[in-house]
Amino acid sequence: MDGTRRVLVAADKFKGSLTAVEVAERVTAGLRRVVPDLGVEALPVADGGDGTVAAAVAAGFERREVRVAGPLGDEVTAAFALRGDTAVVEMAEASGLQRLPAGVLAPLTASTHGSGELLRAALDAGARTIVFGVGGSATTDGGAGMLAALGARFVRGDGEPVAPGGGGLADLASADLSGLDPRLAAVELVLASDVDNPLTGPKGAPAVYGPQKGASEEDVEALDAALAHFAKVLEETDTVGALAAEYAASPGAGAAGGIGFGAMLLGARFRPGIEVMLDVLGFAPALERADLVITGEGSLDEQTLHGKAPAGVAAAARAAGKEVVAVCGRLALPAEALGRAGIRRAYPLTDVEPDVAKCIAEAGPILERVAERIARDFLA
């Protein structure tokens with residue numbers, strides 16, 4: 001191959017070490033050390049979770065900042081991305097685990113209110129299409145906080161609003177969605193997520209994701225019962241009715257602590273996060289220009305194959321007849337599984353530096369050395 005060939009770097013973040021933008025920069029630097037005149041196009045990607053707004057901004061969207069409520073009610077500065085009348089909103093910006101104080105987890109009380117405020121800010125900015133990326137949440141409130149921020153009312157038997165968080169929904173006596181922001185009816189809302197869990201039950205949001213948010217076994221039971229009660233009360237409303245049960249059982253309802261369910265109540269359409277983001281970021285035309293695609297993320301493992309960014313990139317590239325290799329911090333997939341996913345070969349940092357702690361601490365320089373190997377194997 002010669003320098004006229006083009007490489008597309010479409011990788012996700014290495015969580016805790018490098019952002020998706022930094023991954024692209026380091027890979028580019030390593031490739032060009034071996035092939036100085038190589039044409040490289042960087043398109044950082046995300047699957048709807050944290051890093052989604054950053055990926056949109058890297059692709060040319062404008063970053064907008066707004067003050068909203070964090071998961072515990074304290075004010076935080078959160079960002080969304082806007083291009084024309086399309087907005088990319090990332091719930092983790094307002095309601096993510098990274099918004100909690102260090103060492104603090106609040107599985108019963110963390111609220112998605114700030115995510116609703118972010119959606120409202122996107123509406124205020126003139127968005128007619130909103131890609132709502134969900135993942136990395138600190139919350140398990142079924143989207144109740146988000147809905148309240150957009151005009152819904154959830155009250156106890158004494159007429160007072162229920163307490164914030166999933167735990168408070170156990171006291172829900174009645175729900176009123178008639179006050180929801182009317183602009184929502186004219187907006188295309190796309191729920192972008194890499195999980196397809198229902199709202200409740202053994203595969204629901206509390207059971208599967210509650211423990212990583214600090215929920216004990218008792219908390220998981222309490223949250224599951226509270227979310228089931230939430231759906232039941234909504235079933236009794238004129239505005240939602242029988243659709244509440246249908247939405248609660250739908251794939252994606254359990255995403256990000258059940259905010260998927262809340263988004264469906266707003267009319268959102270569920271799509272795999274990476275598919276949505278590849279559309280929004282302009283992946284197809286970039287792919288057409290490329291001869292080799294480099295994707296990746298921090299850990300290439302079994303989860304990667306279930307809707308994570310590298311699998312989505314590889315599937316699209318394979319459909320277009322393009323060769324794909326992957327970079328990663330850690331590789332936990334056999335060559336056959338990579339091949340089935342459309343990835344010709346994976347290059348983990350641990351091949352260059354066996355010390356995992358060093359790989360995490362010095363991911364950037366090590367990734368450049370990995371990229372040099374790719375250049376020698378595929379491009380020199």
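Where in the chain is T112 found? In this predicted model, T112 is in the loop between α3 and α4. Helix α3 covers residues 91–95. Helix α4 covers 113–124.

Is T112 buried or exposed? T112 is buried. Its relative accessible area is 0%.

Now look at what surrounds this residue. Leaving aside residues up to four places away in sequence, T112 touches M91, S95, T139, D141, G143, A144, G145, M146 and I259. A polar atom of the T112 side chain lies 2.9 Å from the backbone nitrogen of M146.

In sequence, T112 and A69 are 43 residues apart. In space, their C-alpha atoms are 8.4 Å apart.

Next, turn to the cysteines. How many disulfides does a search of the whole structure find? The search finds zero. C328 shows why. The closest cysteine sulfur to that of C328 belongs to C359, and the gap is 9.9 Å. A disulfide needs the two sulfur atoms within 2.5 Å, so the sulfurs of C328 and C359 are too far apart for a bond.

The cut-off for buried is under 20%.

Definitions and conventions: Residues are numbered from 1 along each chain as its sequence is written. This is a predicted model: local features need pLDDT of at least 70, side-chain atom pairs count only at pLDDT 80 or more; totals for chains, interfaces and linings use all residues. Side-chain values use heavy atoms; hydrogens and water are left out. Helices (H or I, at least four residues) and strands (E, at least two) are DSSP runs, numbered from the N terminus. Buried means under 20% relative accessible area, exposed over 50%, partly exposed in between (1.4 Å probe, protein chains only). Contact means heavy atoms within 4.5 Å. A polar contact is a pair of N or O atoms within 3.5 Å; within protein, one must be able to donate a hydrogen and the other to accept it, and residues adjacent in sequence count only if both atoms are side-chain atoms.
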